[in-house]
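Visitor: I would like a close look at one part of this model. Please take me through it slowly.

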Amino acid sequence: MTQALNLANLANSVNSSGQLAGSAVNGAVASATNATNATNLTGGTCTIGTTQLGAGDASIMKNRIINGAMVIDQRNAGASITNNSATFAWGVDRMIVYGTQTSKFTSQQNAGSVTPPVGFTNYLGITSLSAYSITSTDWFAVSQRIEGFNTADLQWGTANAKTVTLSFQVYSSLTGTFGGVLTNSAQNRSYPFTYTVSSVNTWTSISITVAGDTTGTWVGATNGTGIAVVWGLGVGSTLSGTAGSWAGANYYSATGATSVVGTSGATFYITGVQLEVGSSATGYEYVNYQTSLANCQRYFSRWDSTNNTYTPFIPITYSYAPSTIAQGTYFHPVSMRSAPTITSSAIGTFNTSFTVLTLSAIQGFTGIDKNVSSIAFTTAASTLGYTAIVTANGVTTAFINFSAEL
Amino acid sequence: MYKLLNNPFTNQTQNIIRTSDGAFIPLDPDNTDYQAYLKWVAEGNTPQSADEVTTPSA
């Protein structure tokens with residue numbers, strides 16, 4: 001492949017009279033011959049035997065999964081969380097952890113502190129808290145919802161639907177057949193899959209190839225959910241389907257798959273998750289840290305005082321007399337998927353840099369749009385126009401979360 | 001459960017507060033928390049009214 005690219009350099013070897021230098025011609029011919037012997041190059045697709053490699057024609061965004069190496073963990077900073085049936089949680093950024101029964105498992109970046117697989121420093125770890133017998137409608141799972149802008153080129157729901165391959169590394173205290181699904185936004189198209197873990201507590205590489213769905217309704221180039229990838233941790237029979245084919249149903253796993261939450265203390269660790277175009281898994285697409293963080297911040301970002309108990313946030317101005325409101329504008333680190341939902345620590349964790357502009361209550365935090373949020377506090381100020389910087393109040397626990405998750 | 005929050009300047013709804021965690025949910029149809037709120041309303045539920053705000057005199 002590399003030598004074949006020398007052909008593209010021929011233009012650079014043309015002299016001022018429009019003639020090719022002999023050495024360039026000889027080198028190019030030799031390189032082309034070598035390339036032909038090694039691979040079959042057709043329209044940018046590299047084929048070895050009958051297997052297409054890197055058929056997405058992409059040198060970037062090969063991997064449609066964000067934070068597949070489980071490096072970014074803005075919400076939890078490595079702390080353990082327990083599943084809650086009332087709401088989704090995120091084990092690390094972009095990775096949803098959920099179960100229909102509360103307190104059946106914990107999720108934590110690098111849980112159990114095992115050595116990650118070669119090439120990785122982080123993983124998402126699930127630990128079962130009990131030996132729970134799932135009912136027919138229970139489901140416990142890890143998942144990632146991929147935005148439609150990042151899957152539209154797959155053309156699922158059309159005759160041109162592209163084949164994809166899901167790959168990841170898994171480590172479990174259990175052996176057996178595990179399951180998961182690929183599903184659409186409406187959750188009425190599902191492709192259950194299975195994979196086998198043969199050795200306990202050993203990192204195992206898994207690869208699953210899925211022919212794209214040629215029917216059903218799939219979100220295209222929008223900010224909705226294009227494809228959801230789900231790994232079952234224990235899914236009831238009603239929500240499990242036959243592995244290896246598309247179904248017009250809402251499934252979360254494959255029939256007969258192992259239940260992680262069914263064994264007290266069972267562990268399920270995963271990393272190196274990649275979803276790519278083509279019929280074979282290629283090497284994991286590593287992403288530099290700042291790019292991975294920015295990719296995650298499209299869906300969630302956080303200001304906090306973990307590292308500085310007086311961390312400054314933004315300036316606010318006492319601008320509204322009847323309700324003594326001081327407000328400011330916060331520009332998100334990156335353009336978010338939607339206007340964000342905002343949560344924060346209690347009012348007592350905030351202060352200002354100006355003693356006469358003390359904060360008495362959170363009036364309201366408003367996601368104005370994808371780029372900007374409004375931050376408003378009720379104050380004890382007495383003069384309109386006073387301005388101060390909102391800071392943490394000498395604590396490490398101040399935070400404001402901005403969430404635009406799918 | 002949800003509660004409305006009015007803009008003190010316009011006295012119009014500016015946010016939905018999710019009372020379970022105090023989250024401020026924007027009125028953005030692409031926001032999945034707002035979608036969940038609309039579904040909750042469509043199921044026949046009613047949010048708590050907004051607190052009255054002091055409006056500027058003319």
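How many bridges join strand 8 of chain A to strand 17 of chain A, and in which sense do the two run?

Guide: This is a predicted model. In it, strand 8 (residues 124–128) and strand 17 (residues 267–277) of chain A run antiparallel and are joined by four bridges. Within this pair, A:Gly125 of chain A has A:Tyr269 of strand 17 opposite it. Both strands belong to an open sheet of six strands in chain A, whose order is 4-7-8-17-10-13, with antiparallel pairing. At the edges are strand 4 (81–82) and strand 13 (204–210) of chain A; each has a single partner strand, so one side of each has no neighbour in the sheet.

Another strand of chain A, strand 9 (residues 139–147), holds A:Gln144. The relative accessible area of A:Gln144 is 1%, and this residue counts as buried because the cut-off is under 20%. Its side chain reaches the backbone nitrogen of A:Ile66 at 2.8 Å. Beyond its neighbours within four places in sequence, A:Gln144 is in contact with several residues, including A:Arg64, A:Met95, A:Val229 and A:Trp231.

A further antiparallel pair in chain A is made by strand 21 and strand 26 (residues 399–403), with four bridges between them. In this pair, A:Thr343 stands opposite A:Asn401 of strand 26. In a regular strand, side chains alternate between the two faces of the sheet. Along strand 21 (residues 341–344) of chain A, A:Thr341 and A:Thr343 point one way, while A:Ile342 and A:Ser344 point the other way; all are buried.

Methods. Residues numbered from 1 in each chain as written. Chains lettered and ligands numbered in written order. Predicted model: local features only at pLDDT ≥ 70, side-chain atom pairs only at ≥ 80, totals over all residues. Heavy atoms only, no water. Pairing = 2+ DSSP bridges. Buried < 20%, exposed > 50% of the residue type's maximum accessible area, 1.4 Å probe, protein only. Polar contact = N/O pair within 3.5 Å; in protein donor to acceptor, adjacent residues only side chain to side chain. Contact = heavy atoms within 4.5 Å.
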